[in-house]
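Hi there,

Here is the model I promised to pass on.

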Amino acid sequence: MMDHHEDMKRQVQDLRNALRKQNRERASPPPPPSPSSPPPPSLGLPPSAAGPGCKGRKSDCVRRVEEMKAQREARRRRAGEVRQQRLDEAKEAEGRGGIEAVDFLRKIREYDNEHGLAKPPVGWAQGGGGSVWDADTGSRIRVCVRKRPMLRTEVLRHDFDVISTEPGGRSLVVHEPRTKVDLSKEVIAHRFAFDAVFNEADSNEAIHVATLRPLLAHVFNGGSATVFAFGQTGSGKTCTMAGHANPDAADGNATGLYALAAADTVDAAREGGLAVSISFFEVYRGQVLDLLGGREKLDVLEDGRGRVQVLGLVEKVIADAASMLALVRQAEDARATGATSANETSSRSHAILRVMLRDADGKLAGKLSLVDLAGSERAADSSSKERQTRLEGAEINKSLLCLKECIRALDSGSSPTPLPG
């Protein structure tokens, strides 16, 4: 029994000695290779991992930690920018339609940035636009659009701009804000193309040079030309045709197309030996009134040649542009105006300025007509006003419908169909 116990103790001791020896061998460095011994096989490790221990792996770990730190800081920076952008958008929306307009403004801005429309507007001349009559479209009519700046009343109402003009001056985009059934916001972009698109950077002078001045050559060659200013009430038609007469504004709109056309016409007529005369009348609620003859009611009849004549219309000969402008201002003061919810001084009649060129025998040698149409009306624009304003709006819309059919017939070369009323 004792012998067996001693044998067990010796085996345990031998095992301990073997373990100690093995540990010493592992801890001691390997002997240096002899010159004749072959080099150890390469493991294909990069130079940074060839050192002892985990030096190479530690370097990879450090780089990974640094990358994670940089990514975390970038995420924090982006999150901060998004928070600041939302604060800025909320602040902007408070002054433009209320806080509910935040999504609308963001979507409009995203569309403009995506399509390159976020840059400040460039004027027609600066954008390389010339005369709208340079391009041969096969039509005798040119349709041009002018985008006016925001009105002071619109700014006070916290409205926001929903029209973007595209580069090139031939098209624009109307952003239509909508609220879905689930109350989420969306903006639908409608694109429209025209012969020319003028923006806030364009003055009346630029519009005159691009649209009206090229027509004078046709008029002085014995032709007739007509310029219509058409649009909703408050859209700036009268400002374009007559100007706002405030040179302190320094926006290039103090002088309108009337004055600009007068200067060019009188100068050219003097050089050509022609006499210039003008007449100015308005169409108000189905009546024709002479603005240079004390608002006398006139009759419109057709002569034996099928031409429409305004009987008794006063026609005054002018000697220079200043006298012509004085007569135009006199007629503008006599023109019918009224207040709507969209415009406190809305023009309630169609005003027609006719400039006639006559030779030494008094024969007509050319005619230019400048028409400032009354603003098209919506029911909402006159619903809060008196009954007379609503009746005027109905007459305006009916007359504009007739004019549309006449212009369509002129463009197609056919005769317009007479309409009742």
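A search through the whole structure turns up 17 salt bridges, each being a side-chain nitrogen of Lys or Arg within 4 Å of a carboxyl oxygen of Asp or Glu. Before the details, note that this is a predicted model, in which local features need pLDDT of at least 70 and side-chain atom pairs count only at pLDDT 80 or more, while totals for chains, interfaces and linings use all residues. Residues are numbered from 1 along each chain as its sequence is written, and side-chain values use heavy atoms, with hydrogens and water left out.

Helices here are DSSP runs of H or I with at least four residues, strands are runs of E with at least two, and both are numbered from the N terminus. (Buried means under 20% relative accessible area, exposed over 50%, and partly exposed in between, with a 1.4 Å probe and protein chains only.)

Two further pairs have partly exposed partners. Arg-213 meets Glu-205 at 3.8 Å, N to O; Arg-213 has 37% relative accessibility and so counts as partly exposed, as does Glu-205 at 33%. Arg-307 meets Asp-303 at 3.4 Å, N to O, with Arg-307 partly exposed at 43% and Asp-303 partly exposed at 24%. There is also a network of salt bridges linking Lys-147, Asp-161 and Glu-200.

Next, the sheet. Three strands make an open sheet in the order β2-β3-β4, with antiparallel pairing; two strands pair if DSSP finds at least two bridges between them. Its edge strands, each pairing on one side only, are β2 (163–165) and β4 (185–193). From one strand to the next, the twist averages 25 degrees. Three bridges hold β2 to β3 (residues 171–179), and Ser-164 stands opposite Val-173 in β3. Between β3 and β4 there are nine bridges, with Thr-179 partnered by Lys-185 in β4. These two strands form a hairpin with five residues between them, and Leu-183 in the turn has a positive phi of about 70 degrees.

Finally, the cores. A nonpolar core is a set of buried Ala, Val, Leu, Ile, Met, Phe, Trp, Tyr and Cys residues joined through side-chain atoms within 4.5 Å. The largest one has 34 residues, and those with the most contacts inside it are Leu-212, Ile-278, Phe-280, Leu-353, Leu-368 and Leu-370. Several elements supply at least two residues each, including α5 (204–220), β7 (275–284) and β15. Which helix gives the most to this core? That is α7, with eight residues. Leaving aside neighbours within four places in sequence, Leu-368 is in contact (heavy atoms within 4.5 Å) with residues including Leu-212, Leu-216, Ala-261 and Leu-353. Another core, of twelve residues, lies apart from this one, and among its members are Phe-281, Leu-298, Val-310 and Ala-374.

Best wishes, and happy browsing!

How values were computed:
Axes fitted to C-alpha atoms, helices over the stretch in contact; angles between N-to-C directions.
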